[in-house]
Amino acid sequence: MKLPSPLLASVALIAFVPIVPATAAMTSVTIPLQAQNGSGEDGTAKLSDTSGGVSVVVTLKGAPATAQPMHIHDGTCTNLGGVAYPLTSVVNGSSTTTVKGTTVAALLAKPFAINVHKSASDLATYVSCGNIVAPTST
Ligand SMILES: [Cu+2]
């Protein structure tokens with residue numbers, strides 16, 4: 001009986017090495033929100049997968065008690081598109097929303113931005129914005 005060649009044996013070994021994806025899907029990301037139009041409202045948005053959707057927790061410095069409408073928009077802060085997902089308005093600098101029907105990975109896969117408007121009566125003035133992108137360094 002002929003023994004398997006060393007080449008064949010090494011090919012068989014390689015075939016059993018488990019395939020590890022280069023990058024696992026991200027299940028949470030924290031993005032900076034940058035003040036716009038002199039608002040001073042810098043902050044962060046923490047997005048994380050939950051069983052009910054994506055939890056979005058926003059904290060802004062120096063925000064007023066007046067409700068400030070906020071959305072996930074298509075596009076980027078410099079080229080904002082329409083509203084993709086509404087978020088709970090920011091009051092006194094904080095807001096928590098669970099966005100149904102999406103995942104962190106899906107939000108990272110396309111250009112989206114979180115945009116905060118000055119007030120319900122002044123939606124045209126933006127006070128803070130951040131692009132939903134993965135951190136560039138680890
Ligand atoms: Cu908006």
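**Close-up views of a predicted model**

View 1. Residues are numbered from 1 along each chain as its sequence is written. Asn-37 sits in the loop that joins strand E1 (28–35) to strand E2 (43–50), and although Asn-37 is not a glycine, its phi is positive, at about 55°. Helices (H or I, at least four residues) and strands (E, at least two) are DSSP runs, numbered from the N terminus.

**View 2. Asn-92 lies in the loop between strand E5 (79–90) and strand E6 (94–99).** Asn-92 has a positive phi of about 50°, again without being a glycine, and it counts as exposed because 12 other C-beta atoms are found within 10 Å.

**View 3. Met-26 is placed in the loop between helix H1 (6–15) and E1.** Met-26 has 16 C-beta neighbours inside 10 Å, and it therefore counts as partly exposed. Although 78 residues separate Met-26 from Val-104 in sequence, the two are 6.7 Å apart in space, taken from C-alpha to C-alpha. Leaving aside neighbours within four places in sequence, Met-26 is in contact (C-beta atoms within 7 Å) with Val-104, Ala-105, Leu-108 and Ala-134.

**View 4. Ala-45 and Ile-114 touch the most other members of the largest nonpolar core, which has 22 residues.** At least two residues of this core come from each of E1, E2, strand E3 (53–60), strand E4 (68–76), E5, helix H2 (104–109), strand E7 (112–119) and strand E8 (122–131). Such a core is a set of buried Ala, Val, Leu, Ile, Met, Phe, Trp, Tyr and Cys residues joined through C-beta atoms within 7 Å. Once neighbours within four places in sequence are set aside, Ile-114 is in contact with Leu-33, Ala-45, Met-70, Ile-72, Cys-129, Gly-130 and Ile-132.

**View 5. The whole chain contains 2 helices and 8 strands.** Followed along the sequence, these elements give the pattern α-β-β-β-β-β-β-α-β-β. Of the 138 residues in the chain, 25% are buried.

Technical notes:
Predicted model: local features only at pLDDT ≥ 70, side-chain atom pairs only at ≥ 80, totals over all residues. Buried ≥ 20, exposed ≤ 12 C-beta atoms within 10 Å, placed from the backbone. Contact = placed C-beta atoms within 7 Å.
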